[in-house]
Amino acid sequence: CTAGPQFASGGFISDSKLPFVINGSQQQWLIRNSEIGGWSNAVWNQVFAGVVGAPSDATFPNPPYTTFETTPLSRERPYLFLDSRGAYHVRVPSAQRNTSGITWDEGMTAGRTIPLRDFFVAKPSDSVHTINSQLARGRNLLLTPGVYDVGKSISVRRANTIVLGLGHATLTAVNGAVPLKVKDVPGVIVAGVTIDAGTVESPTLLQIGKRAKKSSKSDPSNPTTLSDVYFRVGGPHVGKADVALEVNSDHVLIDHTWVWRADHGVEGFTDTERWNTNTGRNGVIVNGDDVTATGLFVEHFQQYNTVWNGERGATILYQNELPYDPPTQADWMHDGVEGWAGYKVGDGVKTHALYGGGVYVFNRNNPSIHTENGFEVPQAPGVKLHHVMTVNLGAGTIDHVVNGVGGPADTSRIGAPVYVIDYPS
């Protein structure tokens, strides 16, 4: 940043009290439940939710700000701390609705404190059998830094269980396993964990609730929550997964997650080899109702990057890059349609809201490739998109922003977004 601002894809801040912020370039950004003394710069989408001192969005897209007075649903990430006697505990913040500002201005963040003795402190050398035995005994799980090879699912079955990773502890699938499964129970929190696909295809990397089974045990006041959970399909090694994150339970909060398939890297593959080697169909599939995502970053999957089938879903800040590496247009087609939208709301959904979303295209492997729409949603009165855009990064074309609306993001306007302020208008 010394010559700044340099290129940066974007990111996330929460529960922070800051002076005037110099934002760098930052293509897409979410700051929520914070206080700021001002904000500089904007590139494509900057979203402020429950931020005291946030700029107005009245002149969108100049600048491209999206501002909420309050955050509809939030929960801060659990954290490890020492008490006055030098003993370790984990603070577990409560879920909040329609809030703004920081959580710690009048003392400790509202929530509960769990002594470290109620956690199993795991090391990468611990077996999944040992971890599951400790979870079955009613303990929470603290994952110390390192890479955990997971050949059988770590299974979270008890309501209000905490799975907290330090240093982004990494769970790597072995022999096609699903590294982490969460039962359809309320209040589970998974935070600070990276989940990697392995060399044998996994059906999913993280599954919340059972597929094709209607949720019956969720609690709107105590949602199962993912905080700072990252997914990789390829990158450090070959990766294969059908779906990275699958949410089947109702009342789930996804707070800042990055779901990524490796379509570019330094492994020595050509782009065509990578397309056929690091394979991932969908990044995120949401089947549960009343699921909220704040800061959803999903990139480079080989079909729809995100599919949202549940009712009353809401996303605040969505960032997506389509895959760089489809070899031909024929590889990037379905049902006679050119390409797969970066964000797909299921055809039968009646109510859904997306605020501040962007889909980028950079078909480096074949610049002639087209994608018909960045976003694809049913035409229903309750399905609404606000401040969405597409942008070309130098190769390929997205013909429309959403459902045939909005002009092309092509190489005649590299880096210049195509905005749709509201859909339907």
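How many residues in the lining of the second largest pocket are nonpolar, polar and charged? Two are nonpolar, five polar and four charged (Ala, Val, Leu, Ile, Met, Phe, Trp, Tyr, Cys and Pro count as nonpolar, Asp, Glu, Lys and Arg as charged, and the others, Gly among them, as polar).

A quick note before you click: this is a predicted model, where local features need pLDDT of at least 70, side-chain atom pairs count only at pLDDT 80 or more, and totals for chains, interfaces and linings use all residues. Residues are numbered from 1 along each chain as its sequence is written, and side-chain values use heavy atoms, leaving out hydrogens and water.

Now select helix α1, residues 128-136. With four residues, α1 gives the most to that pocket's lining (helices, H or I, have at least four residues and strands, E, at least two, as DSSP runs numbered from the N terminus).

Next, select strand β25, residues 292-299. Eight of its eight residues are buried, meaning under 20% relative accessible area with a 1.4 Å probe, protein chains only. Show strand β27 (residues 313-321) too: it runs parallel to β25, joined by seven bridges (strands pair if DSSP finds at least two bridges between them). Look for E299 opposite E321 in β27.

Last stop: T315, in strand β27. Is T315 buried or exposed? T315 is buried, because its relative accessible area is 0%.

Technical notes:
Buried means under 20% relative accessible area, exposed over 50%, partly exposed in between (1.4 Å probe, protein chains only).
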